[in-house]
Amino acid sequence: ERCLENASQYHDYTLTFVKQERIKGKLKDAQKIAVSHRAAPFSVGMAWLENAPKGDHVLYVDGERDNQMLVRPTKEFHRFLAGKQVLRDPESKEVMEGTLKPITVFGFKNSLEKLLEVYRLAESRGELETGYDGIATFGDREVLVLTRHLPERDEYDGEKTVIYIDTEYLVPVMIAAYDWSDESRLVAQYVFTDIKFNMDLTDADFTPSAFKMSEP
C-alpha cells in the first residue's frame, strides 16, 4: 500500500522491460522491450529489442484510435501484406494468444494494484502466506525480497510469487510466479531495469513516428 501511494508521484517513465511467460503450457523465450509510459492520458509505447512476437513496435494511447493498439508487423514480408502497421484490440483473441496480460494493464501502478488485489482476496479467505527474505542486490539496485504462497485457484497466478521492491523507488522491479505442480516451473517473470522517472514525456513521444510507424 505504501508503494502504491508512492507510485502516484511518477507521472511518466522509460525503462527496459524483460518478460517471459508460459502460454498454453509452453514457456516462451524472454522478450526484451524498450518502453515509454505516461500516466495521463494512459499511454504506452513499446519497441522490441529481442525476440519480438508478431509486432516489433506497439503504441497505445487511451482514447485514441478507438482504444486500439497501433502495431508494426515484425517481418518485412508481413508489413508488405498488412501494410506498414495495423490496428488491434488490446484484448482481442489474436493479441492475447501471445501474451498473458494486455498492454492496458502495463505499469507500476497497475502492477501494484493487481498484487494488492490478490493479497487482500487471499487474506480475506485466510489463504495468504507471506514471507520476507531480506534485502538483496538486483543488478545495481537494492531490493526488498517478498514472497507469497497461495493455494491453487483460478484467481491466483501461481503457488509462489517472488517480488523485488526497489528500496529507493518503491516499485516492483521483478515479479516472478511459479506453478502449483512444480515450484521451479515458471509461469511468468517480469523484470524492469534502466528506469528513468518523470522525463516530462509529451504527446510527441507517443505518436506513431516516435515508434517508426505512421497512421494506418
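**Exercise 1. How many salt bridges does the structure hold? Examine three of them.**

Step 1. The structure holds 14 salt bridges. A salt bridge is a side-chain nitrogen of Lys or Arg within 4 Å of a carboxyl oxygen of Asp or Glu. This is a predicted model, where local features need pLDDT of at least 70, side-chain atom pairs count only at pLDDT 80 or more, and totals for chains, interfaces and linings use all residues. Residues are numbered from 1 along each chain as its sequence is written, and side-chain values use heavy atoms, with hydrogens and water left out.

Step 2. Take Lys114 and Glu117. Their side chains meet in a salt bridge of 3.8 Å, N to O. Both lie in helix 4 (residues 108-124), three residues apart, so about one helical turn separates them. Helices (H or I, at least four residues) and strands (E, at least two) are DSSP runs, numbered from the N terminus.

Step 3. Take Arg141 and Glu168. This salt bridge spans 2.7 Å, N to O. Arg141 lies in strand 9 (residues 141-149) and Glu168 in the loop between strand 10 (160-166) and strand 11, so the pair ties together parts that are 27 residues apart in sequence.

Step 4. Take Arg185 and Asp179. Their closest N and O atoms are 2.9 Å apart. Asp179 is buried at 17% relative accessibility, while Arg185 is partly exposed at 28%. Buried means under 20% relative accessible area, exposed over 50%, partly exposed in between (1.4 Å probe, protein chains only).

**Exercise 2. Which strands pair with strand 1?**

Step 1. Two strands pair if DSSP finds at least two bridges between them.

Step 2. Strand 3 (residues 31-38) runs antiparallel to strand 1, with eight bridges. Here Lys19 stands opposite Gln31.

Step 3. Strand 12 (residues 186-197) is also antiparallel to strand 1, over eight bridges. Lys19 faces Tyr190 in strand 12, and Glu21 faces Ala188.

Step 4. Strand 2 (residues 26-27) joins strand 1 through two bridges, again antiparallel. Leu27 is the bridge partner of Arg22.

**Exercise 3. Is strand 1 largely enclosed or open? Then look at Lys24.**

Step 1. Of the 12 residues of strand 1 (residues 12-23), 10 are buried, so the strand is largely enclosed by the rest of the structure.

Step 2. Lys24 sits in the loop between strand 1 and strand 2. Its relative accessibility is 75%, so Lys24 counts as exposed.

Step 3. The hairpin of strand 1 and strand 2 has two residues between the strands, and Lys24 takes a positive phi near 55° there.
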